[in-house]
Amino acid sequence: MFDPNFEPRIVAFFCNWCTYTASDLAGTSRMTYAPNTRVIRLMCSGRLNPQFVLAAFRQGADGVLIGGCHPGDCHYQEGNYKTMRRVELLKRMVEQMGIEPQRLRLEWIAASEGDKVQRVTNEMVEQIKQLGPLNLDAIPQPEAGEQLEAVAAAEGVA
Amino acid sequence: MSKPKVGFYWCASCGGCEEVVVDLAEAVLDVVAAVDIVFWPCAMDFKREDVEAMADGEIAVCFVNGAIRTSEQREMAELMRRKSQLIIAFGACSYTGGIPGLANQFTKEQILRYVYQGSPSTVNPKGTRPQTETNVTEGTLTLPSLDESVKTLDQTVPVDYYIPGCAPPVKLLVGAVMAVLEGKLPPKGTVLAPNKALCDQCPRIDSKPQDLSIESFHRPHEIMIDPDTCLLAQGLLCLGPATRSGCDAACINGNMPCTGCLGPVDGVHDHGAAALSATASLGAAMDERATVKLMDGIPDPVGTFYRYGLPASLLHKRHFTNGNGAG
């Protein structure tokens, strides 16, 4: 059922060199767009461990947006190609686990494309509003909380 | 001084872990000489009442294999926890959920419907299902109830140590027993196996190319497998890069790829995600169309990457939006 008051929580992983810079550009250009994303800067979209995506869904994200440099533009040559392959496989995996693949979105956004950050964010928020909240069932205790903290600690992203 | 008491118990498992104890062969005599086995339903005639009669903490160490799916398994895990100083999750099912954990892709209702009504070999016109209580002339018969999802042992009771593997390598069991007897146990929560990925131990490591680039994935029956070359280099989906060693590369030596039974190395909390990440990064595809084609070679990602660990994963079980399994 569609709830008009539902505000999606979207975790966005943006690469330092392209998409994060683009979102800065969107800000300095005073573009307005939906405030539903929590942006996490990674040095490269290739740094995106698929565990981050699953941990985001586990901790209450309704969607995960990943932004990287266009193919051929990666600051580290091929990090974004690895991300492209990982996200394709991860989408198939989460779909098998009952999570709509539209909740996971990968976009190539160059440093100059502030307007694309605006458009993609707005589109994704709209799409997730249609899908509704994710609300995963809790993992049986006692391990769930510790498991998440441990992921963060091991990856140094607490 | 009396010998330390040891128990073995099984939950949702196939019996392969019990076989590991038998595979101790003559070493089992040394174990029996050093400890008293006080509970082992698979092989010895002790009953639940015998365990209940013991003092709390009377058993020095209990090895529990199998995942937790039923009310009886939960009760027994709680009982063994109370009576034992140390609980060791023994084997993949107990540690990460194992093969039975793949049932977490379905609801309890879907499983019962298929097993008791839907499967082609079932004849059950009245739709009879197992009941937790049935009244017959002789009295009331009871059966354990099925839980909503398959759980690991540590999602049920606190666990002190883990021994991975499906089934666990014999030498890991020997190592654990010796560590207990000598009082040389590592910090609690440790997985009692080497903390290196399988590739590190692999006899074919020298044939692993510096830059692996997999054009397409094959299943083992589709190609002639060279017995000396890195399996990934041959396009086989080997989980060696993301899986803990300790098995002496048993499957590799049998010319089959690693399927990930020993679970992740320390610091990785979702083995499937790590294995998926490693596998995808080794692909050769450099554009979206080629990526789709490459991944079509992995028809069942959950069954491939979470074969032994779905309950321990971050998602734990399939998500159903309407909660009744119709999705």
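In the predicted model, the cover over the buried residues of helix α10 of chain B includes helices α2 and α3 of chain A, together with α5 (92-96) and α12 (301-305) of chain B. Helix α10(B) is mostly covered, with 10 of its 11 residues buried. These buried residues are B:His271, B:Gly272, B:Ala273, B:Ala274, B:Ala275, B:Leu276, B:Ser277, B:Ala278, B:Thr279 and B:Ala280.

One of the helices over α10(B) is α2 of chain A. The axes of α2 (residues 50-58) of chain A and α10 (residues 271-281) of chain B come within 8 Å and cross at roughly 145°. On the side of chain A, this contact is made by A:Pro50, A:Gln51 and A:Leu54, which meet B:Ala273, B:Ala274, B:Leu276 and B:Ser277 of α10(B). Sorted by class, the residues that form the contact of α2(A) with α10(B) are five nonpolar and two polar, with no charged residue among them.

Across the interface as a whole, 31 residues of chain A are in contact with 33 residues of chain B. The elements of chain A that contribute two or more residues to the side touching chain B are α2, α3 (79-96) and α5 (144-155), and the largest share, 11 residues, comes from α3(A). The residues on this side of chain A divide into 18 nonpolar, five polar and eight charged. For the complex, the predictor gives an ipTM of 0.92 and a pTM of 0.92.

Within chain B, the domain assignment gives domain 1 (5-99 + 148-182), domain 2 (113-147) and domain 3 (198-296). The centres of domain 2 and domain 3 of chain B, taken over C-alpha atoms, are separated by 43 Å. B:Asp287 lies in the loop between α10 and α11 (288-295) of chain B. B:Asp287 is classed as exposed because it has 10 other C-beta atoms within 10 Å, whereas 10 of the 11 residues of α10(B) are buried. Between B:Asp287 and B:Lys196 there are 33 Å in space, C-alpha to C-alpha, and the two residues are 91 residues apart in sequence.

The mean pLDDT of chain B is 94, and 98% of its residues reach 70 or more. Over residues 323-327 of chain B, however, pLDDT stays under 50, and for this stretch the model has nine contacts beyond four places in sequence. Where pLDDT is low, the predicted coordinates should not be read in detail.

Notes
Residues are numbered from 1 along each chain as its sequence is written. Chains are lettered from A and ligands numbered from 1 in the order in which they are written. This is a predicted model: local features need pLDDT of at least 70, side-chain atom pairs count only at pLDDT 80 or more; totals for chains, interfaces and linings use all residues. Axes are lines fitted to C-alpha atoms, for helices over the stretch in contact, and angles run from 0 to 180 degrees between N-to-C directions. Helices (H or I, at least four residues) and strands (E, at least two) are DSSP runs, numbered from the N terminus. Two residues are in contact if their C-beta atoms, placed from the backbone, lie within 7 Å. Ala, Val, Leu, Ile, Met, Phe, Trp, Tyr, Cys and Pro count as nonpolar, Asp, Glu, Lys and Arg as charged, and the others, Gly among them, as polar. A residue is buried if 20 or more other C-beta atoms lie within 10 Å of its own, exposed if 12 or fewer, and partly exposed in between; C-beta atoms are placed from the backbone. Domain bounds come from an automatic or database domain assignment. pLDDT is the predictor's confidence in each residue, from 0 to 100.
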